[in-house]
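Thanks for asking me to look this over. Here are a few notes to read alongside the structure.

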Amino acid sequence: MRDQFQDKVVYQIYPKSFCDTNGDGIGDLNGVTEKLEYLKELGIDYIWLTPFFVSPQKDNGYDVADYKSVDPMFGTMEDFERLVREAEKKQIGIMLDMVFNHTSTSHEWFQKALQGDPTYMDYYIFRDSPSDVPPTNWVSKFGGNAWEYVPSLKKWYLHLFDVSQADLNWENPAVREELKQVIRFWKEKGVKGFRFDVVNLISKPERFQDDLEGDGRRFYTDGPHVHEFLKELVRDTGIEDMVTVGEMSSTSLENCIRYSNPEEKELSMVFNFHHLKVDYKNGQKWELMEPDFMKLKTLFQTWQEGMQEGKGWNAVFWCNHDQPRIVSRFGDEGTYWKESAKMLGTAIHLMRGTPYVYQGEELGMTNAGYDDISCYKDVESLNYFSIMQREGKTKEEALHILNARSRDNGRTPMQWNDGVYAGFSEKEPWISIPASYKTINVEAEKSDADSVYYYYQKLISLRKTSPVIARGRIHFLETGQEDVMAYDRTDEKEEWMIICSFSKEKRTLDFIDHLEEYELLLNNYKAIEEDHILRPYETRVYKKVTVQP
Ligand code: GLC
Ligand code: CA
C-alpha cells in the first residue's frame, strides 16, 4: 500500500504552540481547525498531532494519564471530532501520536500499581533491589538513573524518560490488549494514521543487567521482541493500510528495513536521528560542535541507498518538537537566512521517503534565542541545566548550550503575523516568542512571492507532480567537496539532479559534465551568475533534457 503515501507530505503540529483560540495562552484543537485552510494551501496531506490527551504535562503530553480523553487545556472530544471532519473535507488526514512505551505515573494503571495491586504492578516494570542500589546502572534519557524506588512497595520501577513516565511491560499480553483498544478507539473516530513514540524501545531484555560499556540502551533498543510486538499490534487493530510511522531511537539500518519493508507488515515508515547528531561532540547532545557535513552526507547516503536496497521507507525530516530549528543549526540565521532555509528544504524534500514539515519550518523559523533559564519549560532542558553545572560547567556555559540544544527551540509559538504575541494568542503565551517574529511570520511571507513559504509550497507540489521524486530511485554523487551534497533521482522516463551546498563560502560545480544537457528547475537565488560556481548555501535542481530522436 506504499502508493498511498509515496507522494504525500506530512505536517507536524505541536498544538500547544500552534494557535490559541480561547485566549488562555495555550494553543488548542480549535486552533488547528481554524488554520486548516492555511495548511491546505501549503499543500500537505496529513497532520500529525502531538499528544493532546489528558496529562499532567510534565513532558508536555508525552506523559499520558488517559489515552482516550482530550485534555481540557486543548478542548473537548467534540472539538477533536470537528477537526477530523473539517480536515477530511479538505482531504487532510489526521495522524495521532501514540505514546506506548510508557504512561504517566498519574495514569490509573500506575496508581493502582502503587496501591500494590498485582494485576497493575505487572503492567509496569518493577524490580527488587535494596533502597540505595538501583537494579541496574541504566541512565534515563532525561538524565539520572533510570530507576525510581517506591518505599511502600520496596521495589523500583523503570523509567527510560522522566521519573513521571513509567515504562510499560509489553511482555504482559494484557498491556498489549489495552494498547490495541486505544488504537481501535481513535480509528473509529476517523483518524487516518498513527505515529508511534519511541516504539523501538518497547521490548526490554529478559534479564536486567548493568551496562559496563554504556548507558544501557544496547539492551533495550530494537529489543528482542520488538518486531513481533509491532506485527501483532498492527494485525490485531487492522491498521496495515493506514499511514504509520515509528520513532526509532538510536536504531540500525537493518532494523529499520524490517520495520518498514511492506512484506513485514509492521510500519509504513520510520524516523531515525543519526543525521541530527553530526553536531554532537563525541556523540553527546550537551557538548557543542560545528556540524560535520561530510558525516551528514555519508549518513544520508547510507540510509537513503540502504533503505532503497532493503525496500524500506524513510520519513525524511529536519525538524520536530525535540530538535532545534534547522536554519539556526545547519544553515545561517543572518545574511543567508532565506537561501539556507530554501536549500535545507530542498535537500530533504526531493529525497526518497515521505517528507515531514514541522510547524514554522515552512517559514524558516529560527531558534528561540532565550538567554535566561526562566524562559525554559522543557523537563529535559531543566534537568540538564542542573546536571551540566553539577558536572563542572558554569551557569553561563550551561545557558549557552541550552540556547543551541534545548528542545524549547522548536516549541516556541507559531509566528502568524507581526502583531501582539505574533498572532498566536491574545494573552501572554505559555512560552515566550522569539524576537524574529517581526520579520519571520506567515503574513509577511504570504505577501512576498520569493518567500521560504512559497518555496516550500513549490517543493511539496513537485513531489505530487513528479513521479520520479515520489517513486524514483536515488543515488548519491561524488562532489569532491565535504559540504556539497548531490544526488540524482531516476526512473524510466526522467533523470533529476539535486545539488545542495551547506557552505558559507563559494563552491564549485565541476563534478558534473555536460551541464548543458540539463534544464534548471529550481534555484534559491534570483538568477544563476556562473554555471560552475555555487554561491553560499546554493541549491539547484536540474532535469536532464531528453533529446527526441
Ligand atoms: C519522544 C518524543 C519526546 C518525548 C519522548 C518520551 O522522543 O518525541 O518529545 O519526550 O519520546 O515520550
Ligand atoms: Ca487555548
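Does Ile26 count as buried or exposed? With the caveat that this is a predicted model, here is how I read that residue and a few others.

1. Ile26 has a relative accessibility of 17%. Because the cut-off for buried is under 20%, Ile26 counts as buried. Asp24 has a relative accessible area of 27%, so that residue is partly exposed.

2. Both residues belong to a metal site. The calcium ion (ligand 2) is coordinated at 2.3 to 2.4 Å by Asp20 (OD), Asn22 (OD1), Asp24 (OD), Ile26 (O) and Asp28 (OD). Along the sequence, the spacing of these donor residues reads D-x1-N-x1-D-x1-I-x1-D.

3. Two backbone angles are worth a look. Most residues other than glycine have a negative phi. Lys154, although not a glycine, has a positive phi of about 55°. You will find Lys154 in the loop between strand E8 (147-150) and strand E9 (155-158), and at 58% relative accessibility Lys154 counts as exposed.

4. Ala422 is not a glycine either, yet has a positive phi of about 55°. Ala422 sits in the loop between helix H14 (395-405) and helix H15 (442-446). Its relative accessibility is 0%, so Ala422 counts as buried.

5. Finally, helix H16 (residues 452-465) passes a simple length check: at 1.5 Å a residue, its 14 residues should span 20 Å, and the end C-alpha atoms are 20 Å apart, which agrees. Several residues of H16 are buried, including Tyr453, Tyr456, Leu459 and Arg463.

Methods:
Residues numbered from 1 in each chain as written. Chains lettered and ligands numbered in written order. Predicted model: local features only at pLDDT ≥ 70, side-chain atom pairs only at ≥ 80, totals over all residues. Heavy atoms only, no water. Donors = N, O, S within 2.8 Å, 3.2 Å for Na, K, Ca; no water. Buried < 20%, exposed > 50% of the residue type's maximum accessible area, 1.4 Å probe, protein only. Helix = DSSP H or I, 4+ residues; strand = E, 2+ residues; numbered from the N terminus. Expected span 1.5 Å × (residues − 1).
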